[in-house]
Amino acid sequence: MGNCNDFSAVIEQLDDFCCLVVDLPGHGQTEVKHDANYLMPDTAQAIITLLKYLAIKQCWLWGYSMGGRIALYLTIYFSQYFWGVILESTSPGLKTRSEREQRIQQDLKLAKRLESVELSQFIHQWYQNPLFSSFIQHPGYQQAFTNRLNNNPFKLAKSLRMIGLGMQPSLWHCLSDIGIPMMFMVGALDCKFLMINRQMLDVCPQAKLGIIPNTGHNIHFENPLAIVKMFKKIIQ
């Protein structure tokens with residue numbers, strides 16, 4: 001529901017880095033010409049095209065939630081462009097076809113709702129999900145909520161339909177083949193993704209798991225200093 005500005009507090013702590021932040025399809029200022037370009041392979045290829053255009057041969061890759069799923073896809077299929085990857089509150093997708101089909105139906109209903117109610121109403125209901133319980137208690141939540149109103153609900157709906165969790169191919173079977181450094185970051189209060197990330201670590205023993213205390217799903221927003229400190233330890 002956010003945009004590239006959500007990482008501003010993290011970037012302020014990374015003053016010795018040059019950071020490139022990207023609005024994903026359906027979010028922020030990014031314009032997508034064709035519906036098919038919302039799909040994960042097209043989105044990943046667009047990011048690689050951007051890196052080539054900017055003559056960035058290699059960099060660290062950091063992705064959160066949906067952006068983390070795209071980052072994992074990039075890590076698997078375009079690893080030569082990255083020194084390593086940080087996956088924040090991320091899943092490799094749903095394991096079975098039945099799970100994916102069920103999730104697609106859920107996302108289609110959400111997409112229809114996005115197009116039929118006020119965006120502020122949808123966002124308010126979206127953040128009632130227990131996943132975001134610590135996020136909505138954060139002092140900066142109201143400002144974050146206001147920033148999300150700048151998104152286009154019809155583009156967000158298209159994103160749900162085209163690159164939602166159900167539409168994504170499962171990447172679980174690819175985890176053990178990744179050869180670059182990886183860090184799974186998850187908030188200690190995010191019970192759902194804590195379980196998922198521990199399962200990821202079981203099949204990807206070369207990765208590391210970083211658990212951020214007193215933090216939920218939106219780690220970069222709730223505790224940017226802690227997540228940056230952990231990132232700097234990784235690259236030392």
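## What "buried" means here

A residue counts as buried when its relative accessible area is under 20%, and as exposed when that area is over 50%. Keep that in mind as we look around this predicted model.

Start with threonine 75, which sits in helix H3. Its relative accessible area is 2%, so threonine 75 is buried. What does threonine 75 touch, leaving out residues up to four places away in sequence? Its contacts are Leu61, Val85, Ile178 and Ile180.

## The nonpolar core

In soluble globular proteins, nonpolar side chains tend to be buried together. Here, the largest nonpolar core has 63 residues. Leu74, Phe82, Leu87 and Met182 have the most contacts inside it. Helix H3, covering residues 66-77, gives the most to this core, with 6 residues.

Let's zoom in on leucine 87. Setting aside residues up to four places away in sequence, leucine 87 touches several methionines: Met182, Met183, Met185 and Met200 are among its contacts. Others include Phe184, Leu72, Ala71, Gly63 and Gly68.

## Helix H7 and its cover

Which residues of helix H7 (residues 153-163) are buried? They are Pro153, Leu156, Ala157, Ser159, Leu160, Met162 and Ile163. Helices H2 (40-53), H3, H4 (97-114) and H5 (119-126) are part of what covers these buried residues.

H7 also has a cap at its N-terminal end, provided by asparagine 152. A side-chain oxygen of asparagine 152 lies 2.9 Å from the backbone nitrogen of phenylalanine 154.

## Where H4 meets H5

Now for two of those covering helices. The axes of H4 and H5 come within 9 Å, crossing at roughly 145 degrees. On the H4 side, Leu110, Arg113 and Leu114 make the contact. H5 brings Leu119, Gln121, Phe122, Gln125 and Trp126. Sorted by class, this contact has 5 nonpolar, 2 polar and 1 charged residues.

A disulfide is a covalent bond between the sulfur atoms of two cysteines. How many disulfides turn up in a search of the whole structure? The count is 0.

To count as a disulfide, the two sulfur atoms must be within 2.5 Å.

Are these cysteines buried or exposed? Cysteine 4 is buried, with a relative accessible area of 19%, while cysteine 19 counts as partly exposed at 33%.

Methods. Residues are numbered from 1 along each chain as its sequence is written. This is a predicted model: local features need pLDDT of at least 70, side-chain atom pairs count only at pLDDT 80 or more; totals for chains, interfaces and linings use all residues. Side-chain values use heavy atoms; hydrogens and water are left out. A nonpolar core is a set of buried Ala, Val, Leu, Ile, Met, Phe, Trp, Tyr and Cys residues joined through side-chain atoms within 4.5 Å. Buried means under 20% relative accessible area, exposed over 50%, partly exposed in between (1.4 Å probe, protein chains only). Helices (H or I, at least four residues) and strands (E, at least two) are DSSP runs, numbered from the N terminus. Contact means heavy atoms within 4.5 Å. A polar contact is a pair of N or O atoms within 3.5 Å; within protein, one must be able to donate a hydrogen and the other to accept it, and residues adjacent in sequence count only if both atoms are side-chain atoms. Axes are lines fitted to C-alpha atoms, for helices over the stretch in contact, and angles run from 0 to 180 degrees between N-to-C directions. Ala, Val, Leu, Ile, Met, Phe, Trp, Tyr, Cys and Pro count as nonpolar, Asp, Glu, Lys and Arg as charged, and the others, Gly among them, as polar.
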